[in-house]
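Hi everyone, thanks for making time. I'd like to walk you through one protein model today, so please have a look at it first.

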Amino acid sequence: MPTTPAPPPLRSFRTADPGLIGLLGFAIATLTAQLAHLGVHDDSSVFWVGAIFGGIVQIIAGMLSFTIGDDFHFLVYNAFGWYWLCMPGFLLGGELGFFEVAGPARGVFTLMFAVLAGLFVFPGATHNSALPITLMCVSGGLALQSVTAFGGATAFGAAGSVLLIVASGLATYMLVEKFIVRTMGRSVVPLGPAWLRGSRDPES
């Protein structure tokens, strides 16, 4: 009796990691903005890079994280994505004198996100060492910049920019590690052990 050949095995469906574009958007937007704060270039590039890479790209990463049930990255990327969509609005308002946000109002906005980044440190610490250090740099950098916005010395804002550039570098570091793991199936760049128990995912 002739036998029917077995059907070929079904390939399991594998989605891409939204963190790849999330980290990319954060790193590029943060570096661009902080170089402007330090006077390396003007704010024109911050408007476009912040809106697209910081805002749109991170929001897309956050919404894609929602589709795979990743609550942590859904909130982190969306929070800072919408933050980056507000920042170009602040720049535009300052140029046009239309709904301008400056001084203490800008400081309150920045400080809120400094606190939020600080709160993200704890769930981030369940993944690896690099992620919570990055979030601490973000929190500290934004806090220092809020001091300048409240009328403090500009040196605080400059120090905050340095911390945020470090955060951008760490995000790039995590992006490299994630890309190698996802495309080559091996871990080459060490992220360090998790500080807290809770997550089985060592990726950022």
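Okay, let's start with Met 136, which sits in helix H5; helices here are DSSP runs of H or I with at least four residues, numbered from the N terminus. Before I go on: this is a predicted model, where local features need pLDDT of at least 70 and side-chain atom pairs count only at pLDDT 80 or more, while totals for chains, interfaces and linings use all residues. Residues are numbered from 1 along each chain as its sequence is written, and side-chain values use heavy atoms, with hydrogens and water left out.

So, is Met 136 buried, exposed or partly exposed? It counts as partly exposed, because its relative accessibility is 41%; buried means under 20% relative accessible area, exposed over 50%, and partly exposed in between, using a 1.4 Å probe and protein chains only. Leaving aside residues up to four places away in sequence, Met 136 touches Val 121 and Trp 195, where contact means heavy atoms within 4.5 Å.

Next stop, His 127. You'll find His 127 in the loop between helix H4 (104-124) and helix H5 (130-149). His 127 counts as buried because its relative accessibility is 11%. What does the side chain of His 127 reach? The backbone oxygen of Asp 201, at 2.9 Å. Again not counting residues up to four places away in sequence, the residues that His 127 touches include Phe 72, His 73 and Pro 202.

Now over to helix H1, residues 19-37. H1 has 19 residues and runs 26 Å from its first C-alpha to its last, close to the 27 Å expected at 1.5 Å a residue; that expected span is 1.5 Å times one less than the number of residues. Among the buried residues of H1 are Gly 22, Phe 26 and Ala 33. Their cover includes helix H2 (44-67), helix H3 (71-96), H5 and helix H6 (154-184). Just after H1, Gly 39 has a positive phi of about 85°.

Two packed helices are described by the angle between their axes and the distance between the axes. For H1 and H2, the angle is about 155° and the axes are 8 Å apart; axes are lines fitted to C-alpha atoms, for helices over the stretch in contact, and angles run from 0 to 180 degrees between N-to-C directions. H1 and H2 are therefore roughly antiparallel, a label for angles over 145 degrees, with under 35 roughly parallel, 65 to 115 roughly perpendicular and the rest oblique.

Definitions and conventions. Helix = DSSP H or I, 4+ residues; strand = E, 2+ residues; numbered from the N terminus. Polar contact = N/O pair within 3.5 Å; in protein donor to acceptor, adjacent residues only side chain to side chain.
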